[in-house]
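Q: Please go through the model below with me. Set each term against its cut-offs.

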Amino acid sequence: MRIATLLSSIVAVAALVGCAHPITISPDVAKIEAAPSTQPIKKNVAYYIAEDLRTREVTTPGGGGDKVTYQPYRDIETAFYKMLTNVFGNVTKLKAPNDADAISKNNVAYVITPQLLTDSSSPSPFTWPPTKFSVDLTCNVTDAAGNTIVSKKVSGAGNAEFDEFKADFSLSAKRASQDALLKMQQALAETPELRK
């Protein structure tokens, strides 16, 4: 009975807001923890996300023929910053990729520019929240002069079944972004070029 009621609610909400449902892919920042066995890289770094990317809305498939919308760069930025602080000595946010004053003032060794590619799906004909979500995260790392040091790419996956996402329609997306960020944390920490 409760399931039938919840299904009716989801269908009703879908009818009210149309076929594109807003979600967030923000993971639980508290779960972006440093690996206890990993030695931090004693370098100051900065990251840059262009404003048009930060506000860009992305639409990917949900269930029942509907879609979901979100702003992936805005959604993950706080957790992305936390991930970088787990790896490096100090992290600065740049307003421009060539912000020489900020780079010099903060003694930045590397500038990290993230790229995100997301997708989602659900086999359900009745419910719109995605049961599967993927986040491909690439970090392009340059030195302070803009020379490429390394590029690392990871893929995060998140799954959520009906009994789980009925309390959080964004659950599969949040799990995917958490998975991607933790994989990137490990990938950066294990990159020898960043420890030179």
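A: Start with helix α6. The buried residues of α6 pack against β2 (41-47), α3 (72-87), β5 (88-93), β7 (132-143), β8 (148-159) and α5 (162-165). Contact here means heavy atoms within 4.5 Å. The model is predicted, so local features need pLDDT of at least 70 and side-chain atom pairs pLDDT 80 or more, while totals for chains, interfaces and linings use all residues. Residues are numbered from 1 along each chain as its sequence is written, and side-chain values use heavy atoms, without hydrogens and water.

Q: Which residues of α6 are buried?
A: Among them are Leu171, Ala176, Leu181, Met184 and Leu188. Buried means under 20% relative accessible area, exposed over 50%, and partly exposed in between (1.4 Å probe, protein chains only).

Q: How do you know that the span of helix α6 agrees with its number of residues?
A: The expected span is 1.5 Å times one less than the number of residues. Helix α6 (residues 171-189) has 19 residues, so it should span 27 Å. Its end C-alpha atoms are 27 Å apart, which agrees.

Q: What makes Thr131 count as buried?
A: Its relative accessibility is 8%, so Thr131 counts as buried. Thr131 sits in the loop between β6 (110-121) and β7. Leaving out residues up to four places away in sequence, Thr131 touches Ser121, Ser122, Pro123, Gly158, Asn159, Ala160, Phe165 and Ser172.

Q: How many helices and strands does the protein chain have?
A: Six helices and eight strands. Both are DSSP runs numbered from the N terminus: helices are H or I with at least four residues, strands are E with at least two. From the N terminus on, the order is α-β-β-α-β-β-α-β-α-β-β-β-α-α.

Q: What makes β5 and β8 edge strands of the open five-stranded sheet?
A: The order in this sheet is β5-β2-β6-β7-β8, with mixed pairing. β5 and β8 each pair on one side only. The twist averages 25 degrees from one strand to the next.

Q: How do you know that β7 and β8 pair?
A: Two strands pair if DSSP finds at least two bridges between them. β7 and β8 are joined by 11 bridges and run antiparallel. Val141 stands opposite Val150 in β8.

Q: Where do the helices α3 and α6 lie on the strands?
A: α3 packs on the sheet and touches β2, β5, β6 and β7, at about 130 degrees to the direction of β6. α6 lies across β2, β5, β7 and β8, at about 150 degrees to β8. Axes are lines fitted to C-alpha atoms, for helices over the stretch in contact; angles run from 0 to 180 degrees between N-to-C directions.

Q: How many residues does the protein chain have, and what share of them counts as buried?
A: Of 196 residues, 44% count as buried. The accessible surface comes to about 10200 Å², 53% of it from carbon and sulfur atoms. Such areas come from the Shrake-Rupley method with a 1.4 Å probe; for residues, only the protein chains shown count as cover.
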